[in-house]
Amino acid sequence: MAEDRLDKIIALNCSLSRRDARRLIKEGKVRVNGEPAKEAQMPVDISADTIEADGFDFTPREHIYIMMNKPEGVISASDDKNKKTVIDLVPPELKRRSLFPAGRLDRDTTGLIIITDDGDFTHRMLSPSHHVFKRYTAEISEPLSEESVALIESGITLDDGTECLPARVEAYSENGVNYMALEIREGKYHQVKRMAAACGTKVIKLRRVKIGALCLDPSLAPGECRELTDEELKLLFENE
Ligand code: URA
């Protein structure tokens with residue numbers, strides 16, 4: 001793993017703010033390879049250096065996994081010259097050099113997105129062969145017919161001939177507004193919108209609410225994020 005600043009590593013692994021991590025270092029309560037650390041900015045490598053922090057069970061984590069409630073109008077890319085990205089919304093205490101969104105949501109799609117620096121994890125979560133279902137709720141212009149529901153469940157063919165894997169779907173309406181809840185285990189380009197189009201309806205609003213068995217934390221306001229717990233990380237790979 002690449003080196004990073006000690007205060008950043010302490011903040012991340014001890015769940016402290018950067019300021020509290022610096023205070024801990026200043027008070028001589030952090031040791032690197034057995035020696036008290038003097039500089040908050042000193043470069044350390046958590047896979048090679050031994051780090052101890054008094055009062056904390058310092059369990060080095062090689063990677064970071066962040067849950068974000070993606071707001072509308074932000075793109076799911078690592079960087080962009082003109083548009084705001086999900087990475088721009090990550091607060092400094094969770095920032096790392098090589099963060100990227102694990103999968104894409106359209107600019108106008110909201111909800112659950114995972115941000116990480118772990119490529120293998122991302123592949124496991126996104127690859128259809130691992131069968132991790134992603135649940136979306138969509139407001140749609142026309143109600144889904146029973147035939148459309150059956151088509152989606154058996155594997156719908158999109159208007160350009162692309163074949164989708166069998167998916168789970170529920171159609172419902174509330175106060176005269178039509179919705180569908182759709183669970184897919186692949187991520188073709190604009191897949192939900194194109195599945196809706198193949199059923200003769202249009203997605204008006206789209207939100208991702210769940211990946212595997214992990215639901216979006218309802219306490220996260222649009223644009224907010226937090227680190228996943230170890231239990232939540234496991235839930236991502238469990239299907240219900
Ligand atoms: N399907 C879409 O059409 N858009 C998204 O953002 C995600 C899935």
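This is a predicted model: local features need pLDDT of at least 70, side-chain atom pairs count only at pLDDT 80 or more; totals for chains, interfaces and linings use all residues.
Residues are numbered from 1 along each chain as its sequence is written, and side-chain values use heavy atoms, with hydrogens and water left out.

**Stop 1: the domains**

Colour three selections: domain 1 (4-53), domain 2 (65-127 + 218-235) and domain 3 (133-211). These bounds come from an automatic or database domain assignment. Taken over C-alpha atoms, the centres of domain 1 and domain 2 are 25 Å apart. Their contact (heavy atoms within 4.5 Å) takes 4 residues from domain 1 and 7 residues from domain 2.

**Stop 2: the nonpolar cores**

Next, select Ile 152, Met 180, Leu 182 and Met 195, which touch the most other members of the largest nonpolar core, a set of 34 residues. Here a nonpolar core is a set of buried Ala, Val, Leu, Ile, Met, Phe, Trp, Tyr and Cys residues joined through side-chain atoms within 4.5 Å. Buried means under 20% relative accessible area, exposed over 50%, and partly exposed in between (1.4 Å probe, protein chains only). Among the elements that each supply at least two residues of this core are strand 6 (65-70), helix 4 (146-154), strand 11 (177-184) and helix 5 (191-198). Helices (H or I, at least four residues) and strands (E, at least two) are DSSP runs, numbered from the N terminus.

A second, separate core has 18 residues, including Ala 11, Cys 14, Val 32 and Val 44.

Now centre on Met 180. Leaving aside neighbours within four places in sequence, Met 180 is in contact with residues including Tyr 136, Ile 140, Leu 144, Val 169, Tyr 172, Val 192 and Ala 196.

**Stop 3**

Move to Lys 134, in strand 9 (residues 134-140). A salt bridge is a side-chain nitrogen of Lys or Arg within 4 Å of a carboxyl oxygen of Asp or Glu. What the side chain of Lys 134 does reach is the backbone oxygen of Val 132, at 3.0 Å. Show its surroundings too: not counting residues up to four places away in sequence, Lys 134 touches Met 125, Leu 182, Arg 208 and Ile 211, among others.

**Stop 4: the salt bridges**

The whole structure holds 17 salt bridges.

- Arg 5 and Asp 7 meet at 2.7 Å, N to O. Arg 5 is partly exposed at 32% relative accessibility, whereas Asp 7 is buried at 0%.
- Arg 31 and Asp 54 have their closest N and O atoms 3.0 Å apart. Arg 31 lies in strand 2 (residues 30-32) and Asp 54 in the loop between strand 5 (51-53) and strand 6, so the pair ties together parts 23 residues apart in sequence.
- Arg 194 and Asp 160 have their closest N and O atoms 2.9 Å apart. Arg 194 is in helix 5 and Asp 160 in the loop between helix 4 and strand 10 (168-174), 34 residues apart. Asp 160 counts as exposed at 53% relative accessibility.

Finish by selecting Arg 135, Arg 168, Glu 170 and Glu 183, which salt bridges with shared partners join into one network.

Notes. A polar contact is a pair of N or O atoms within 3.5 Å; within protein, one must be able to donate a hydrogen and the other to accept it, and residues adjacent in sequence count only if both atoms are side-chain atoms.
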